[in-house]
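Here is a report on the fold, the ligand shell and a few individual residues. Keep the sequence and the 3D view open while reading.

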Amino acid sequence: MTDSFSNLSLAEPLARAVAEMGYESMTPIQAQAIPVVLTGKDVMGAAQTGTGKTAAFSLPLLQRLLKHENTSTSPARHPVRALVLLPTRELADQVAQQIKLYAKYTQMRSAVVFGGMDMKPQTLELKRGVEILVATPGRLLDHIEAKNAVLNQVEYVVLDEADRMLDIGFLPDLQRILSFLPKQRTTLLFSATFSPEIKRLAGSYLQDPVTIEVARPNETASTVEQLFYSAQDDDKRRVVKAVLNQRGIKQAFIFVNSKLGCGRLARSLEREGLVTAALHGDKSQDERLKALEAFKKGEVDLLVCTDVAARGLDIKDVPAVFNFDVPFNAEDYVHRIGRTGRAGASGLAVTLVSPSDMRLVADIEKLIKTKLQVENYPLDEDRSRGHVSEGRREERRDDRREERRPERGFERRREEETPRDRRSSFRPAQVSRDPFFEKPYEAPSSEQAAAASWEAAPKTTASRTGISANIKPKRKVAALFKSSE
Ligand code: AMP
């Protein structure tokens with residue numbers, strides 16, 4: 001077979017690590033990129049997370065760096081030789097953990113630095129010397145300024161998820177970082193799409209790059225059934241529940257456009273008896289990790305998330321994806337629905353379209369070059385459309401305000417690492433390292449998933465996971481009054 005790892009003549013320690021990972025053959029991006037990176041050429045790769053691109057750049061990079069491998073304890077013998085830059089903490093952590101696994105049987109040292117964590121342990125690790133440094137741009141600049149990281153011996157730089165880094169506004173940070181690197185180096189750039197900005201970035205920093213595209217960008221998998229239902233805001237939750245019920249789907253991602261909307265929807269669904277978790281940028285690192293872990297274990301049915309929080313995380317094969325809000329950016333539609341129908345499995349993507357969203361649907365049509373039918377979902381029960389409760393009216397007012405502040409651009413930046421010029425005082429958060437990123441998402445066992453919550457009568461949110469993360473326990477005020485309760 002031509003795409004077998006054995007064709008690469010990888011050094012024994014790397015081949016052993018790959019075998020241990022259980023990889024049988026190379027993914028398309030690996031088959032194309034590894035031989036090129038092994039020659040030392042610059043690469044511009046169009047590939048999303050989930051395609052195996054981490055191994056596509058890190059295996060050849062490790063192979064080329066093996067000549068520097070040594071067991072010396074002197075930090076001077078372990079300068080940074082490869083720098084991998086990513087936009088978010090989660091992605092940085094995920095990639096760093098994978099690199100550690102690939103480098104397991106070598107003497108190469110690797111480390112990860114990202115914001116929101118105490119700098120001290122990172123500093124100690126950097127001072128001991130590391131050959132491969134994975135970092136988010138802002139925190140790396142902090143370490144460069146503090147002289148913890150010296151980059152004058154870097155031979156490889158990887159700009160991973162480059163489009164997202166530009167989206168967040170990291171360009172000035174990237175330019176500064178790249179100015180510290182030797183001119184003579186190999187630069188690898190990976191991006192989900194090749195926008196004009198990405199091409200400009202590549203034009204400035206890559207030399208004669210080999211372009212590699214594994215799937216045409218903006219292509220949706222043919223295994224995903226895409227449905228568009230027209231729905232008023234008030235009806236959307238009912239449509240979600242009806243579709244889940246009708247299809248017998250146990251777990252799903254629900255995408256929304258704003259952080260505020262994300263928390264609110266998760267709470268509403270909880271009140272209706274579904275076990276949900278919200279994943280957005282205002283959640284602490286620890287909360288995000290817990291939400292993802294609970295979803296992977298099948299303890300959470302619905303993960304309500306914003307684009308930024310969900311982008312790139314190694315959770316695959318989700319049975320269904322709902323676009324509760326049509327994304328403002330058509331490319332996000334492709335990313336969102338790419339969560340389902342992976343690796344040949346069939347998936348379902350349902351987009352709920354309010355009347356004012358038709359322009360956004362037209363953008364999606366243009367991008368994926370497919371005519372889309374927006375249908376009515378037959379919600380048969382009676383409903384008192386005219387009646388809107390006070391609370392709901394308040395929610396709607398907030399929604400409209402929030403709509404004007406979409407989770408894009410300026411607002412969106414807070415979601416991820418913050419570009420340097422905008423950073424406020426970051427408080428170090430206590431973050432537990434968590435191996436869940438290493439494990440691909442697996443559907444919960446049939447026992448775990450036996451009764452999807454929406455199939456049963458509404459239940460208390462504490463039924464499966466203890467008290468939901470979205471609902472604060474009520475304070476026992478009565479006890480203060482010496483009531484019997
Ligand atoms: P990535 O796109 O690099 O984040 O990789 C996504 C997932 O695919 C990770 O869980 C990897 O461990 C896994 N993976 C990478 N390469 C292969 C391969 N050749 N065969 C099977 N799984 C792989």
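## A loop residue to start from

Gln-107 sits in the loop that runs between helix 4 (89-102) and strand 3 (110-113). The model is a predicted one. How exposed is Gln-107? Gln-107 has 14 other C-beta atoms within 10 Å, so it counts as partly exposed. Apart from neighbours within four places in sequence, its contacts are Glu-69, Asn-70 and Thr-71. Ser-72 is 35 residues away from Gln-107 in sequence, yet the C-alpha to C-alpha distance is 9.6 Å.

Strand 2 (residues 82-85) is covered on both faces. Ala-82 and Val-84 are buried on one side, Leu-83 and Leu-85 on the other.

Strand 2 has parallel partners in strand 4 (residues 132-135) and in strand 5 (residues 156-159). Strand 1 pairs in the parallel sense with strand 6. The table sets these pairs beside one from the other sheet described below.

| Strand pair | Bridges | Residues opposite each other |
|---|---|---|
| Strand 2 and strand 4 | four bridges | Leu-83 and Leu-133 |
| Strand 2 and strand 5 | four bridges | Ala-82 and Tyr-156 |
| Strand 9 and strand 12 | four bridges | Ile-254 and Phe-322 |

## Helix 9 and its two sides

Helix 9 spans residues 196-205, and its buried residues are Ile-198, Leu-201 and Ala-202. Why do the buried residues line one face of the helix? Seen down the axis of helix 9, they fall within an arc of 95°, so they share one face. They pack against strand 1 (43-46), helix 7 (162-168) and strand 6 (186-191). The face turned away from the buried side carries exposed residues: Pro-196, Arg-200, Gly-203 and Ser-204.

Another open sheet of seven strands has the order 10-11-9-12-13-8-14, with parallel pairing. Strand 10 (276-279) and strand 14 (374-376) are the edge strands, and each pairs on one side only. From one strand to the next, the twist averages 25°.

Inside the order, strand 9 (residues 252-255) and strand 12 (residues 320-323) pair in the parallel sense. Ile-254 faces Phe-322 in strand 12. Helix 10 (residues 236-247) packs on this sheet. Helix 10 touches strand 8 (224-230), strand 9, strand 12 and strand 13 (347-353). The direction of helix 10 makes about 160° with that of strand 13.

## Around the ligand

How many residues surround the ligand? There are 13, and the closest are Tyr-23, Thr-49, Gly-52, Thr-54 and Ala-55. By class, the shell has four nonpolar, seven polar and two charged residues. Helix 3 (residues 53-65) gives the most to this shell, with three residues.

Most residues other than glycine have a negative phi. Ser-9 has a positive phi, near 50°. Glu-161 also has a positive phi, of about 50°, although it is not a glycine.

Where do they lie? Ser-9 is in the segment before helix 1 (12-21). Glu-161 is in the loop between strand 5 and helix 7.

Is each one buried or exposed? Ser-9 has 9 C-beta neighbours inside 10 Å, so it counts as exposed. Glu-161 has 25 other C-beta atoms within 10 Å, so it counts as buried.

Notes. Residues are numbered from 1 along each chain as its sequence is written. This is a predicted model: local features need pLDDT of at least 70, side-chain atom pairs count only at pLDDT 80 or more; totals for chains, interfaces and linings use all residues. Two strands pair if DSSP finds at least two bridges between them. Axes are lines fitted to C-alpha atoms, for helices over the stretch in contact, and angles run from 0 to 180 degrees between N-to-C directions. Two residues are in contact if their C-beta atoms, placed from the backbone, lie within 7 Å. A residue is buried if 20 or more other C-beta atoms lie within 10 Å of its own, exposed if 12 or fewer, and partly exposed in between; C-beta atoms are placed from the backbone. The arc is that of the directions from the helix axis to the C-beta atoms. A residue is near a molecule or strand if its C-beta atom, placed from the backbone, lies within 6 Å of it. Ala, Val, Leu, Ile, Met, Phe, Trp, Tyr, Cys and Pro count as nonpolar, Asp, Glu, Lys and Arg as charged, and the others, Gly among them, as polar.
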